[in-house]
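User: I would like to learn how to read helix packing and sheet order in a model. Could you take me through them one feature at a time?

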Amino acid sequence: RMNPSFAALDFGATSGRVIIGELESGRVRMREAGRFANSPVTIGGRMHWDVLSLWDSAITHLRDAVRADRGLLSVATDTWGVDYGLFRRGRMLSNPVHYRDERTLEQVDRVHARVAAAEIYAIAGTHSLPINTIYQLASDASEGAIECADTALLMPDLFTYWLSGERIAERTIASTTSLMNARTGEWDARLLQAAETDATLLPPIVPPGTSLGAATAEVAEAIGTSVEVVAVGAHDTASAVAAIPMTGEGSAFVSCGTWGLVGVERDEPVLTERSRTAGFTNESGIDGRHLLMRNGMGLWMLSESIRLWETERGPVDLLSLLAAAGTVDRRLAVVDVDDPVFQTPGDMPARIAAWCAERGLPMPVGMAETARCIIDSLAQSFADAALESTSLTGQTLARIHIVGGGSRNALLCQQLAARAGVPVFAGADESTALGNILVQARAMGELSGTLDDLRAVAARTVAPKRYAPR
Ligand code: LRH
């Protein structure tokens, strides 16, 4: 019989992708079957997901993939955290709002008047970022949008619903909302109330690895075959961590895409005041694991800088830029990459220069120095968070695993090893898609065993590259 294969729909900040993973001799052979823009659309001062265009592209590429690969058994979606769409009687009411929209800024104090940030932490374990669903729902409530809706579906669950007809909330994505009790893994009535949200708005929570049955007839017809729909670690970060071949105490992870998520995996959430004030958040992983991590800057500062340079002077070759950054020998400043001034779109190089000038620090000049400054600063922030997350959980940092796009950046990996003083293991760069596919394969009965067994498949698929802490 044909090798079984699985389709991951991954919606990230730089693109949406359809990735096919084929199981062969205990490894996953991955190929990108389609890539399409995932560009937010701003209308009337509000930034939205272009969700219908994403759906259309995903279905088109899935159909092409099915033609090329007859062994396709199932499909599963992952996206970034916190965003959702509102539905009434099964129909989407409006375009989901993108978390980079600033409508929630004024909601934070309103919500905290009902439930303090420290209480949210004690229940949900989430650090209070203004992008979190609790503040987004409060904003929708204040505009009267919630009263029209009977269901809110988090973004991966929204695609899962369109694929399968099933309305669920997958646990790893639910854990990004600030509305889920971190210990029980269920919605919390008190937090829902603080967001002025009726408890029935959010569907029941299911664990990652839940099969939801066959795709709808409409989808089967559109893609030309019948496949199963699975809820995996629907949060991209949970899927990425699922495929990290971590072993033993003292391992920290860095999942570095647009965001940089740095932390450790544990069996229990850490809901202490110390972890809260240190800026750590608890989110759900696969098989009941808990991820204690800092949600911070990833490649966003670099990609925003490149975006600007490209509009000013045409295409920028990333590899040559990084090579040039590697040869910079002037001592540059380390900036605080998590300063809110770097979060929003706009002229990033100018903001970095201004940040340094305001503090009397040497300003990076030109593309190579700016890129170097960003990479050194990122490496420092990852090293600090890795050390802190192990210390918060009573461990000694022994090694760091870095996955995602950032793991391809050798300069970043070297700098990280040097600054943390421990070896860094890089890869897989496609960890999110790989984790999505591994959990699907197990849900479909094509793999079996524990999370460690899945991670052994990941390590056979992509052998991590070691960087020594010179
Ligand atoms: C990373 C990520 C992160 C946060 C953010 C909104 O892609 O999912 O874990 O939730 O996006």
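This is a predicted model: local features need pLDDT of at least 70, side-chain atom pairs count only at pLDDT 80 or more; totals for chains, interfaces and linings use all residues.

User: At what angle do the axes of α11 and α14 cross?

Analyst: Axes are lines fitted to C-alpha atoms, for helices over the stretch in contact, and angles run from 0 to 180 degrees between N-to-C directions. Those of α11 (residues 300-313) and α14 (residues 366-392) come within 10 Å and cross at roughly 165 degrees. Angles under 35 degrees count as roughly parallel, over 145 as roughly antiparallel, 65 to 115 as roughly perpendicular and the rest as oblique, and α11 and α14 are therefore roughly antiparallel.

User: Which residues make the contact of α11 with α14?

Analyst: Residues are in contact if their C-beta atoms, placed from the backbone, lie within 7 Å. On α11 these are M301, L302, S305 and W309, and on α14 they are M367, T370, A371 and I374.

User: How does α12 cross α14?

Analyst: The axes of α12 (residues 318-326) and α14 come within 8 Å and cross at roughly 80 degrees, which makes α12 roughly perpendicular to α14. In this contact L321, L322, A324 and A325 of α12 meet M367, A368, A371, R372 and I375 of α14.

User: In what order do the strands of the open sheet lie?

Analyst: Strands of a sheet pair through backbone hydrogen bonds, either parallel or antiparallel. Two strands are taken as paired if DSSP finds at least two bridges between them. Six strands form the open sheet here, in the order β3-β2-β1-β6-β13-β12, with mixed pairing. Because β3 (27-36) and β12 (210-214) stand at the edges with a single partner strand each, one side of each is left without a neighbour in the sheet. From one strand to the next, the twist averages 25 degrees.

User: Which way do β6 and β13 run, parallel or antiparallel?

Analyst: Strand β6 (residues 72-79) and strand β13 (residues 228-231) run parallel and are joined by two bridges, and V75 stands opposite V229 in β13.

Key:
Residues are numbered from 1 along each chain as its sequence is written. Helices (H or I, at least four residues) and strands (E, at least two) are DSSP runs, numbered from the N terminus. Two residues are in contact if their C-beta atoms, placed from the backbone, lie within 7 Å.
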